Amino acid sequence: MQRALALAAQAAAEGEVPVGALVVRDGDILGEGWNQPIAHHDPTAHAEIQALRAAARNAENYRLPGADLYVTLEPCAMCAAAIVHARIRRVIYAASDPRGGACGSVFDLLPSDGRFNHRTLCTGGLLADEASMMLRAFFRARRSLPAAVSRCD
């Protein structure tokens with residue numbers, strides 16, 4: 001999770017919401033990502049999606065059985081669906097997302113929804129304070145900027 005926090009800091013340095021993610025299998029990092037929807041003009045460029053894409057390229061397979069995803073913020077519904085399609089074994093996240101989290105905060109797609117053909121385990125709270133502080137600091141700084149500069153919604 002420390003590496004995910006470093007990736008989140010990279011996102012913040014680029015003016016993106018500070019979320020970082022990495023896919024690990026058998027102790028090896030298969031892929032990393034950080035939020036980049038603003039830079040890429042892509043609403044799907046969440047940290048989890050970026051990490052899954054990199055991992056799939058490195059594994060030369062769109063399915064990643066036995067892999068774990070570490071992410072600094074509870075995945076949203078879009079990312080949860082991609083996680084299921086990638087056959088990720090387990091998600092470990094830091095901070096809960098009370099506005100859009102899909103691991104129990106708003107939706108319960110991982111692992112409770114038995115309608116999917118794959119179940120992904122989900123654990124939250126690892127280094128939650130550090131991730132939450134980074135997110136709060138980012139949005140506090142954004143609110144203090146003029147509206148034209150702080151556009152990140």
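Start your tour by selecting Phe139, which is partly exposed at 32% relative accessible area (partly exposed lies between buried, under 20%, and exposed, over 50%, with a 1.4 Å probe and protein chains only). Before moving on: this is a predicted model, where local features need pLDDT of at least 70, side-chain atom pairs count only at pLDDT 80 or more, and totals for chains, interfaces and linings use all residues. Residues are numbered from 1 along each chain as its sequence is written, and side-chain values use heavy atoms, leaving out hydrogens and water.

Phe138 and Phe139 make an edge-to-face aromatic pair, 5.1 Å centre to centre with 85 degrees between the planes (ring centres within 6.5 Å make a pair; planes over 60 degrees apart are edge-to-face, under 30 stacked, the rest tilted).

Next, show helices H3 (residues 47-59) and H4 (residues 77-85), whose axes sit 9 Å apart at an angle of about 20 degrees. That makes H3 roughly parallel to H4 (the term covers angles under 35 degrees). Which residues in H3 meet H4? Pick Glu48, Ile49 and Leu52, and you'll find them against Met78, Cys79, Ala82 and Ile83 in H4 (contact means heavy atoms within 4.5 Å). By type, that's six nonpolar, no polar and one charged.

Last stop: Arg87, in the loop between H4 and strand S4 (90-95). Is Arg87 buried or exposed? At 16% relative accessibility, Arg87 counts as buried. Beyond its neighbours within four places in sequence, Arg87 touches Arg63, Leu64, Pro65, Gly66, Asn117 and His118.

Terms used. Axes fitted to C-alpha atoms, helices over the stretch in contact; angles between N-to-C directions. Helix = DSSP H or I, 4+ residues; strand = E, 2+ residues; numbered from the N terminus. Parallel < 35°, antiparallel > 145°, perpendicular 65-115°, else oblique. Nonpolar A, V, L, I, M, F, W, Y, C, P; charged D, E, K, R; others polar. Phe/Tyr/Trp six-rings, centres within 6.5 Å; stacked < 30°, edge-to-face > 60°.
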